[in-house]
Structure formats: structure tokens, C-alpha cells
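Subject: Structure for you to look through

Dear colleague,

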Amino acid sequence: MTNPAVLLIGGDKGGVGKTTVARTLLDYFAYQQVRVRAFDTEVPRGTLKRFHPDVTDVVDINHVPDQMRIFDTVNSTDATVSLIDVRAGLLSPTLRALSNIGFIEAAKKGEITFVLFHILGPSIASLDEIVDTAAYLGDAKYFLVKNFINNTYFFEWDEATTAAYFKRIPDAVEITIPKLAEMAAEQVDLASVPFANFIANKKQSGASASYSFVLRGYVRHWLETIWAEYDRVGLTDTLEAHTMEAPESPRPPIGRPRPIIKIAET
């Protein structure tokens, strides 16, 4: 038997693009043939559910029955990864609850693989979240994500300040999410489809669509850059102890691989 993996995506600050990151991860896992189920904690109507309805359930992470629905089933589901998109302001309370129910301890014992994607905002206040988060991590794989979703500049960050915070979690790994062109982001939002579907010119049903060739190109380049980041930090290696479905035949790439581009150029 292999251990289940729980991937938490959150940040106490709102508007930092948590769900956008969750969507890129669901596309990434689908491409890698990793079985995944997702939970959207924006009740009653979650954003993640709108883009990935087939694998996503909307839950109230503060509601004990919904906590049971997620964590009591991690060993019985056929999904390799349980991805939880935690709404703004609930990261610290969720980690506290996981500690109280013994989830963090189970992760320390190696019974569960725990991965945290901490989506950071541009201010020192967001770095302060690291202090609270570090107390609950245990042996979790910790990714600190800078998401340049809205032309964000991490203006208050300098090397000395960042190092002072990051040294609290020496094994933390940084991930950078570049900005997607506004018009492309708007069109994907209007289409209500996964990024991979938009690139493939497919509707949610799988039927052919008529999305802009230019905007599809922008989304393709952006998503390839993010997937290159996930490859760079060894995300699938973190889950390598888990069973992955071998594809019947190699999937065609979403586009020619490109090197990671600098944020200034993005």
C-alpha cells in the first residue's frame, strides 16, 4: 500500500491567486496522469468547481462533517492526491485544525504525504504568515509561491528580510508564477474551462470551441512556464511513492517546451 498525498493551497491574505494556482496544478496532474480529487472551500459556490467540475467538490472546511468527508477518505479514495483550495483567511485555522485532529502527526510518521503551497502576497504582512504557518508544518513539503497575478511587485522584500523569514523553514522551496495577459485570463474565465482545455480549443464538454488562436498561444506559453517550475522543484518526485497511472500512449505536449522566463520579461 502507498501513502495518500494531501496538497493544501492557501494564504491568509485574499486576492493572491490561490485558485489560479490550484487550476494550474489540476491541469499539471492530469497531464502527468496522476489521479486527483479536489475540494473547493469557497462555499456555497466555489470558483475551482466552476473550472474543474468533474473532480471538485465544494466543502466548508470549518464544518466537522466536511472535514471527515475529506480526511476520513484519503486512504479509501482511488485518487492519488487530494487537493484542497483553502479560501482567504482560513490557512492558519485549517492548519490548526489539522494539528488538533492528528493529521500533522500522521504526516510526521510518514502515514500521509503532506504538501503545502503557501501563496504569498507582496507585503511583509504576507511574510508574517510564514511565522504562523511554520508552527504547524511538521515534515510537510513546503512551497512558498510568489504569484504575479496582478502586476504585483514584491516591493517590500529584500534579501536580508526574506532570508530572516525563510530561515524559519530551511527546507522551503520558492516557486514563481508569472502574470498571464489580462485578455487571455478574461477569456479563459468567460469560457469556464481548464487552461488545458482552452489551449486545446475545447469546451468543458470536450466539444470543439472557437477560442482566439492568439490568446490560446499566450495561455500555452504561460502554462508551460508554470509547469516548468513544477518540474524544476520536483513536484512529482515528492509524490513518487504514490501510484501513478501509466498512460496508454504518450500524450502530445501542449506546445514546444520553453525555458523559464524572467519575471521582468513577463
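What follows is an account of what was found in it, going from the chain as a whole to single pairs of side chains.

Please keep in mind that this is a predicted model. The chain has 11 helices and 7 strands, and of its 266 residues 49% count as buried. Among the contacts between residues at least 6 apart in sequence, 76% join residues that are at least 24 apart. The chain exposes about 12800 Å², of which carbon and sulfur atoms supply 51%.

A helix to begin with is α3, residues 64–71, in which Asp66, Gln67, Ile70 and Phe71 are buried. Seen down the axis of α3, these buried residues fall within an arc of 120°, so they line one face of the helix. They pack against the strands β1 (5–10), β2 (36–40) and β4 (81–85), and also against the helices α4 (91–100) and α5 (103–108).

Turning to the aromatic side chains, the count comes to 10 aromatic pairs. The rings of Tyr28 and Trp227 have their centres 5.9 Å apart and their planes at 65°, so this pair is edge-to-face. Tyr28 belongs to helix α1 (residues 18–31) and Trp227 to helix α10 (residues 213–232), so that the pair links parts of the chain 199 residues apart, and both residues are buried. Tyr28 also forms an edge-to-face pair with Tyr230, at 5.2 Å centre to centre and with 70° between the planes. Because Tyr28 lies in helix α1 and Tyr230 in helix α10, this second pair ties together parts that are 202 residues apart in sequence. Tyr230 counts as buried, at 0% relative accessibility. Tyr28, Trp227 and Tyr230 are members of one aromatic cluster that also includes Phe29, Tyr31, Phe117 and Phe143. Elsewhere, Arg23 lies over the face of Phe51, at 3.6 Å from the ring centre.

As for charged side chains, a search of the whole structure finds 6 salt bridges. One of them joins Arg50 and Asp189, with the closest N and O atoms 2.7 Å apart. Since Arg50 lies in helix α2 and Asp189 in helix α8 (residues 182–191), the pair ties together parts that are 139 residues apart in sequence. Arg50 is partly exposed, with a relative accessible area of 36%, and Asp189 counts as partly exposed at 35%. Leaving aside neighbours within four places in sequence, Thr47 is in contact with Thr19, Asp40 and Glu42.

Lys146 and Glu174 meet in another salt bridge, at 3.7 Å from N to O, and they link strand β6 (residues 141–147) with strand β7 (residues 173–177), 28 residues apart. Lys146 counts as buried at 17% relative accessibility, whereas Glu174 is partly exposed at 31%.

Within helix α10, Glu229 forms a salt bridge with Arg232, the closest N and O atoms being 2.6 Å apart, and the two residues are 3 apart, about one turn of the helix. Glu229 is buried, with a relative accessible area of 4%, while Arg232 counts as partly exposed at 49%. Finally, salt bridges that share partners join Asp57, Asp66 and Arg69 into one network.

Notes: Residues are numbered from 1 along each chain as its sequence is written. This is a predicted model: local features need pLDDT of at least 70, side-chain atom pairs count only at pLDDT 80 or more; totals for chains, interfaces and linings use all residues. Side-chain values use heavy atoms; hydrogens and water are left out. Helices (H or I, at least four residues) and strands (E, at least two) are DSSP runs, numbered from the N terminus. Buried means under 20% relative accessible area, exposed over 50%, partly exposed in between (1.4 Å probe, protein chains only). Contact means heavy atoms within 4.5 Å. Accessible areas come from the Shrake-Rupley method with a 1.4 Å probe; for residues, only the protein chains shown count as cover. The arc is that of the directions from the helix axis to the C-beta atoms. Rings of Phe, Tyr and Trp (its six-membered ring) pair if their centres lie within 6.5 Å; planes under 30 degrees apart count as stacked, over 60 as edge-to-face and the rest as tilted. A charge sits over a ring if NZ of Lys or CZ of Arg is within 6 Å of the ring centre and within 35 degrees of the ring normal. A salt bridge is a side-chain nitrogen of Lys or Arg within 4 Å of a carboxyl oxygen of Asp or Glu.
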